[in-house]
Amino acid sequence: MARSGDPQGDGGEPVLPRASSSTRLRSRPDPFLVVCRCFSVITSLTAILCIAVNVLSAVRSFKNGADVFDGIFRCYAVVIAFFVVLAETEWGFIIKFWKVLEYWAGRGMLQIFVAVMTRAFPDYTVRQQDLVLLQNIASYMLLACGVVYVFSGILCIGFLKRSRQQKEITREQAVQDLEELERRREELEQLLLAERV
C-alpha cells in the first residue's frame, strides 16, 4: 500500500499522475483583436458596397452612352475598391507586393481615395436619386473608415495589433504543443500498462 509521501503503488512500481482534461489551457480571444477584426469586416462590407454602387453607376453610364468618361472612372473605382477589400483580408500575397497596405495610414488613404472616387461625378437627376443616395452612403461610410485608419495608423495601433496577433499565434501554438504532449503521454502510459500485463 502506498503511503501519502510514497509515489509507489501496491506492486512497488511508481504511479504516474494522470493528465486530466480539466487542466487544458483555454485561450480567450484578445478583445482588442476582436474589435480590430470587427472593424475590418465593417470596412470590407463598406468597400463591397462601394464596388456595387460603382458597378451600377458604370452600367448606367455605358447604357446611356452619354457619359463614357464617368463609366471608365467608375471601373477604376471598382478595381481600387477591390484592393481595399483584399487589404482588409490581410492576405500575405497582397501585403507582400504592396507593403504600404500593411500600414494602417496607407490603408486609410486608399480608402479615402476610393470614397472620393465613389462620391465624384454624382448624377443629380430626379430618376437617379436612389443611386445618388447609395453613393453618398457608401462614400461617407468608407471615408469614415479611412479617417479612423489614418488616425489609428498615426497612433501606431496597427503595430500594436500585429504584436498582439503574434502573441496570440504563439499562445495557440503553445496550447497545441501541450495538447500533443498530453496525447503522447497518454499513449506512452497505455504502452507501459500493456507491458505490465
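Q: Which residues does UniProt place in the "transmembrane region" feature?
A: The unreviewed UniProt entry puts it at residues 32-59, 71-88, 100-117 and 137-160. Those positions follow the numbering used here, feature names are shortened, and annotations may be inferred rather than shown by experiment.

Q: What kind of model am I looking at?
A: A predicted one, where local features need pLDDT of at least 70, side-chain atom pairs count only at pLDDT 80 or more, and totals for chains, interfaces and linings use all residues. Residues are numbered from 1 along each chain as its sequence is written, and side-chain values use heavy atoms, with hydrogens and water left out.

Q: How many helices and strands in the chain?
A: Six helices and zero strands. From the N terminus the order is α-α-α-α-α-α. Helices (H or I, at least four residues) and strands (E, at least two) are DSSP runs, numbered from the N terminus.

Q: What share of the chain is buried?
A: Of its 197 residues, 30% count as buried. Buried means under 20% relative accessible area, exposed means over 50%, and partly exposed lies in between (1.4 Å probe, protein chains only).

Q: Which residues are listed as "coiled-coil region"?
A: Residues 164-191, again from an unreviewed UniProt entry. In the model, that span is 100% helix and 0% strand, and its end C-alpha atoms are 41 Å apart.

Q: Packing next. At what angle do H1 and H2 pack?
A: About 160°, with axes 8 Å apart. So H1 is roughly antiparallel to H2. Axes are lines fitted to C-alpha atoms, for helices over the stretch in contact, and angles run from 0 to 180 degrees between N-to-C directions. Under 35 degrees counts as roughly parallel, over 145 as roughly antiparallel, 65 to 115 as roughly perpendicular and the rest as oblique.

Q: Is that crossing left-handed or right-handed?
A: The H1 and H2 crossing is left-handed. That term applies if the near helix is turned anticlockwise from the far one by less than a right angle; clockwise is right-handed.

Q: What residue classes make up the contact of H1 with H2?
A: It has 15 nonpolar, seven polar and three charged residues. Ala, Val, Leu, Ile, Met, Phe, Trp, Tyr, Cys and Pro count as nonpolar, Asp, Glu, Lys and Arg as charged, and the others, Gly among them, as polar.

Q: How do H4 and H5 pack?
A: H4 (residues 104-119) and H5 (residues 129-154) pack at about 160°, with axes 7 Å apart. That makes H4 roughly antiparallel to H5. Their crossing is left-handed. By class, the contact has 13 nonpolar, nine polar and two charged residues.

Q: What about H1 and H5?
A: H1 (residues 31-64) and H5 pack at about 145°, with axes 9 Å apart. The crossing of H1 and H5 is left-handed. Among the contact residues are Thr 43 and Arg 60 of H1, and Asp 130 and Val 148 of H5. The contact divides into 16 nonpolar, six polar and two charged residues.

Q: Thr 43, then. Buried or exposed?
A: Thr 43 counts as buried because its relative accessibility is 0%. Leaving aside neighbours within four places in sequence, Thr 43 is in contact with Glu 88, Gln 111, Leu 142, Cys 145 and Tyr 149. Contact means heavy atoms within 4.5 Å.

Q: And where is Asp 70?
A: In helix H2 (residues 68-89). Asp 70 counts as buried, at 7% relative accessibility. With neighbours within four places set aside, Asp 70 touches Ser 57, Ser 61 and Phe 121.

Q: Now backbone. What is the phi of Glu 90?
A: Near 55°, a positive value in a residue other than glycine. Glu 90 is in the loop between H2 and helix H3 (92-97). At 28% relative accessibility, Glu 90 counts as partly exposed.
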